Amino acid sequence: MSGRVVVIGVGNPLRGDDGAGPAAVEALRGRVPHGTALVVSDGEPARMLDSWRDADTVVVVEALRARPARPGELHILSAADAVSLTAATASTHALGLGECLALAEALDRLPPNLVVHAVEVADTELGEGLSEAVRSVLPELVDRVAAAVRQAHGQDRRP
């Protein structure tokens, strides 16, 4: 095992709340242990799989459109949970996270440890900026991701 930890913020900052993943990654800079790879992705599966190559732990931060919508609701999902939950939801990406994880599993490219931190969104229309519902929970989302990264590095204490 390499001990490599990768955080991937999936989304498009030019589509409202879909920018939550990239915003979380930016907020994590300087808050996670040295050596943690912080990646922003548009969710394209081949790039996702390449970004977590040789990683032991991957933390994905993603916007989630659910029905019924509960904007600002936070979720922590396993890979299997993410596949089943996202199958019943909509994605702003050509292929959603569920399809990406299913492809990774079929290709035997899932990392040993993968967790998804998702936030339910209010708005994914064209335009910059997060809705109030998502902006208000962003600090908690970032805290949760930072804690998951510290745990993956074997550091359970808060910075």
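I note that the model is predicted.

I then placed Asp17 in the chain: the residue sits in the loop between S1 and H1. Its side chain reaches the backbone nitrogen of Ala122 at 2.7 Å. Leaving aside neighbours within four places in sequence, I listed the contacts of Asp17 as Ala63, Val121, Ala122, Asp123, Gly129, Leu130, Ser131 and Val134.

Next I examined the largest nonpolar core, which has 23 residues. Val7, Leu28, Val59, Val119, Leu141, Val145 and Val149 touch the most other members. I recorded that strands S1, S3 and S5 and helices H1 and H5 each supply at least two residues of this core. The largest share, nine residues, comes from H5.

Not counting residues up to four places away in sequence, Val145 touches Val7, Leu28, Val59, Val61 and His117. I also found a second, separate core of 21 residues, with Leu49, Leu97, Cys100 and Ala118 among them.

Finally I turned to helix H4, residues 97-106, where the buried residues are Leu97, Gly98, Cys100, Leu101 and Ala104. Seen down the axis of H4, these residues fall within an arc of 160°, so they line one face of the helix. After H4 I noted Asp108, whose phi is positive, near 55°.

Technical notes
Residues are numbered from 1 along each chain as its sequence is written. This is a predicted model: local features need pLDDT of at least 70, side-chain atom pairs count only at pLDDT 80 or more; totals for chains, interfaces and linings use all residues. Side-chain values use heavy atoms; hydrogens and water are left out. Buried means under 20% relative accessible area, exposed over 50%, partly exposed in between (1.4 Å probe, protein chains only). Helices (H or I, at least four residues) and strands (E, at least two) are DSSP runs, numbered from the N terminus. The arc is that of the directions from the helix axis to the C-beta atoms. A nonpolar core is a set of buried Ala, Val, Leu, Ile, Met, Phe, Trp, Tyr and Cys residues joined through side-chain atoms within 4.5 Å. Contact means heavy atoms within 4.5 Å. A polar contact is a pair of N or O atoms within 3.5 Å; within protein, one must be able to donate a hydrogen and the other to accept it, and residues adjacent in sequence count only if both atoms are side-chain atoms.
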